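Hello,

Here is the structure I promised to hand over. My notes follow below it.

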Amino acid sequence: MTSSDKTLKIYIPRDAAAVSVGADELVSAFEAEAQKRKLAIEIIRPGSRGLLWLEPMIEVATPEGRVAFGPVEEKDVASVLDAMVANGPHALRLGVAEEIPWLKKQTRLTFVRCGVVDPRSVEDYIAHDGYRGLARALTLDSAGIIADVTTSGLRGRGGAGFPTGIKWKTVADTKADRKFIVCNADEGDSGTFADRMIMEGDPFVVIEGMTIAGIAVGATKGYIYIRSEYPHAVEAMNEGIAAAKRAGYLGDKIRGSAHTFDLEVRVGAGAYVCGEETSLLESLEGRRGIVRAKPPLPAHKGLFGKPTVINNVLSFAAIPFILDNGAKAYADYGMGRSRGTMPIQLAGNVKFGGLFEVAFGITLGELIDDIGGGTFTGKPVRAVQVGGPLGAYFPRELFDTPFDYEAFAKRDGLIGHGGIVVFDDTVDMSKQARFAMEFCAIESCGKCTPCRIGSTRGVETIDKIRRGERVAENIAVLQDLSNTMKFGSLCALGGFTPYPVMSALKHFPDDFGPVPTRLQAAE
Ligand SMILES: Cc1cc2nc3c(=O)[nH]c(=O)nc-3n(C[C@H](O)[C@H](O)[C@H](O)COP(=O)(O)O)c2cc1C
Ligand code: SF4
């Protein structure tokens, strides 16, 4: 639809979070209302800006910029349309979107276009500085691209925080007739949704990042492994790939260069362990997702036995900024060895939940109290779990911990994929510890004993503690079991499950019965 100056441009997100609270219905309602009034409107469907408590948050183009309203319900459509036409006041009017403090406080390097552009339009992506990273990459050789990625300090955003440049160099240096790029979009961590949001809201940034990786290491084919629970992301990535191909950004002789790179989406079958890189490769090859022993590393022998770069969605999505603006522009943000920004996801019992991209170094307390606004229920925050189901529980006493890989590790925690789940003072921490063991038992691939058997014994032991049976002895058993799992498991599923369990026990001993008293009694 071509829009004249008189046409009202309305932006209604197509992000799954917005759709789940009625965004699609709003599209029909606005169309019907406009037709009734014979008003020319154009509806554009971007991703979400990430202020999830305001969804569906819709916007209208005005001379001052895009003005937001939210959360908008169908009953509000007529009055919101009045306010849009008049550019006047409304109870749901939030002002110019970019000026909303929650958004303004962020440093959006990776998510800069999310919620802004039309994710189905490669032209819109280019109009918002897209594909500039690739243009620069095409002027560099492999070593030049990898040097930029290394100097940027980018570390894998999937959880382990491994330096991306080193991984790419290993694949580039490994001789083979074929190499692959794999994007890990399994996003199984509790409280995380950044991969989904960026795939739905800015698929081309992921495609561009993977294309640059392919050129850097000499791979001609890439796969995006997306969990089956993300149908909107699957559609967005498939449409994005088709559009990029039509525009000459994928396929043979990319933008007239000598490089070939193609992409394909594969949908996972729904197992947490399929997010583990070797298990994911098994699944991609058509087998059951079981962890492979390392070595060989996927960088040496990965997909179909060929050298493979496997990175998280957010790692690839950070690449275009780095290539476009230079490694230093990225590395200038952050603290210590955690460089750049982290798209943090605030979830659980939190007042202002959503996607908050910020430089490393912000403290947990700032994130929970200032940005998140405390709990949704209004009760005091008692604990937060950072880094998914394998992450530690932190009490308020640790809220001075800065968001930094090393600072979290020092306190027996991990930042993982950047998900934070908030709990109020009604939480029972022994129940949470039991949940961690139960989750591990259900999701274990079964390859190694400490995880397969240990997790089930863990559930049983916590049940005994919760029933008050020989609490002190059973706590000792739980500690012993946790150590066996931590040091004896083949992968981090079994190896990290002790972190939520032990942190719950350490920081919230009272929830495991009147522990001090019982310990004394046992002595
Ligand atoms: C049980 C388990 C589940 C994982 N799930 C994911 C996941 O959903 N997404 C992801 O990117 N990495 C996940 N990882 C980490 C991957 O194994 C791997 O480190 C990552 O994909 C590498 O990419 P990065 O260097 O960009 O982080 C998981 C690891 C384990 C042990
Ligand atoms: S730790 Fe668990 S998930 Fe990992 S290889 Fe062993 S059994 Fe499989």
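**Backbone exceptions**

Asn 87 is found in the loop between α3 (77-86) and β5 (93-96). Helices here are DSSP runs of H or I with at least four residues, strands are E runs of at least two, and both are numbered from the N terminus. This is a predicted model, in which local features need pLDDT of at least 70 and side-chain atom pairs count only at pLDDT 80 or more, while totals for chains, interfaces and linings use all residues. Residues are numbered from 1 along each chain as its sequence is written, chains are lettered from A and ligands numbered from 1 in the order in which they are written, and side-chain values use heavy atoms, with hydrogens and water left out.

Back to Asn 87. Its phi is near 50°, a positive value in a residue other than glycine. Asn 87 is partly exposed, with a relative accessible area of 30%. (Buried is under 20% relative accessible area, exposed is over 50%, and partly exposed is in between, with a 1.4 Å probe and protein chains only.)

Phe 304 also has a positive phi, near 50°. This residue lies in the loop between α12 and β9. Its relative accessible area is 45%, so Phe 304 counts as partly exposed. Most residues other than glycine have a negative phi, and most peptide bonds are trans.

Two peptide bonds are worth a look. The bond from Glu 55 to Pro 56 is cis, with omega near -5°. Pro 56 sits in the loop between β2 (41-44) and β3 (58-62). The bond from Lys 294 to Pro 295 is cis, with omega near -5°. Pro 295 is in the loop between α12 (277-284) and β9.

**Ligand 1**

Where does ligand 1 sit? It is in the largest pocket. (On a 1 Å grid over the protein atoms alone, a pocket is an open set of points with protein on both sides within 12 Å along at least five of seven lines, and a cavity is a set where a 1.4 Å probe fits but cannot get out. A molecule sits in either if more than half of its atoms lie within 2 Å of its grid points.)

β9 (308-312) and α20 (492-496) are the elements that give two or more residues to the shell around ligand 1. β9 gives the largest share, 3 residues. There are 19 residues around the ligand, and Gly 158, Glu 277, Asn 311, Asn 312 and Ser 315 come nearest. (A residue is near if one of its heavy atoms lies within 4 Å.) By class, the shell holds 4 nonpolar, 9 polar and 6 charged residues.

Now the polar contacts, meaning pairs of N or O atoms within 3.5 Å. An oxygen atom of ligand 1 is 2.9 Å from a polar backbone atom of Glu 277. For a polar backbone atom of Arg 157, the distance to a ligand oxygen is 3.4 Å. An N or O atom in the side chain of Asn 312 is 2.8 Å from an oxygen atom of ligand 1.

**Ligand 2**

Ligand 2 sits in the largest cavity. Of the 13 residues around ligand 2, Cys 445, Lys 447, Cys 448, Cys 451 and Cys 491 come nearest. The shell divides into 8 nonpolar, 4 polar and 1 charged. (Ala, Val, Leu, Ile, Met, Phe, Trp, Tyr, Cys and Pro count as nonpolar, Asp, Glu, Lys and Arg as charged, and the others, Gly among them, as polar.)

Best wishes

Definitions and conventions
Polar contact = N/O pair within 3.5 Å; in protein donor to acceptor, adjacent residues only side chain to side chain. 1 Å grid on protein atoms, 1.4 Å probe; cavity = no way out; pocket = protein on both sides within 12 Å on 5 of 7 lines; lining within 4 Å.
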